[in-house]
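Please view the sequence and structure below before reading on.

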Amino acid sequence: MARSTPRIAASTGDGHLRCWDLPTATLSWTQDVHAGRLRSLSFDDSGDVLAACGGDGSVRVWHASTGDFRSRFSSPSGWARAVTVDGPGDRVAVGSGTGDIAVRHLGTDRFTSNLSGHTGRILMLGFMGDENRLVSAAADGTVRVWSLDEQRQIAEVRVDASLHCAASEPAMGEVLVGSAAGVVALGIMDT
């Protein structure tokens, strides 16, 4: 769901994507987009940019209001598991099934960061408030904060369980992680 525009996107297991305008409850556009199941969807803060990644390893980006195609690229590490768009809609980060993360600038259409450290598949990615920090959670039971300028991990929290799902809330500086042991909220400082 977009943060500032009442828009929502959803996918079916066959790679079909739908985007709705919430105030009118109308389907804005629909497309068959991936050869396999979609794994993750993300809007920028304004709701103008929508990115999706799938098990086929590709990431696709659209103008969310019209469904017009904007970009397509492949995850450098293969299987694309999680995707996020930064606040202004300039960059897309993709996390792989191998635990690697790549950040691509949409204006230059080039990768600007390649981050390694997780040993399990990436479950969630989120740009933090200053847009230079990225938070990730993986099945290896870790939540990590990365500096994109420095190209390195700057913080790690280990949860005493294998993670199954995660979500971030940049405005609150929180990450929620779920495991067989339950749900945990982690406060992540944006420094």
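In which sense do strand 8 and strand 9 pair, and over how many bridges? Strand 8 (residues 80–85) pairs with strand 9 in the antiparallel sense, over five bridges. Strands are DSSP runs (E, at least two residues) numbered from the N terminus, and two of them pair if DSSP finds at least two bridges between them.

The model is predicted: local features need pLDDT of at least 70, side-chain atom pairs count only at pLDDT 80 or more, and totals for chains, interfaces and linings use all residues. Residues are numbered from 1 along each chain as its sequence is written, and side-chain values use heavy atoms, with hydrogens and water left out.

Strand 9 also pairs with strand 10 (residues 101–105), again antiparallel and over five bridges.

| Hairpin | Residues between strands | Opposite residues | Glycine with positive phi |
|---|---|---|---|
| Strands 8 and 9 | five residues | Ala82 and Gly95 | Gly89, about 85 degrees |

Strand 9 (residues 91–96) is largely enclosed by the rest of the structure, because six of its six residues are buried (under 20% relative accessible area, 1.4 Å probe, protein chains only). Arg91, Ala93 and Gly95 point one way from strand 9, while Val92, Val94 and Ser96 point the other way.

As for confidence, pLDDT (the predictor's confidence in each residue, from 0 to 100) has a mean of 87 over the protein, with 94% of residues reaching 70 or more. Among the elements, strand 10 has the highest mean pLDDT (97) and strand 18 (residues 182–187) the lowest (72).

Conventions: Buried means under 20% relative accessible area, exposed over 50%, partly exposed in between (1.4 Å probe, protein chains only). Helices (H or I, at least four residues) and strands (E, at least two) are DSSP runs, numbered from the N terminus.
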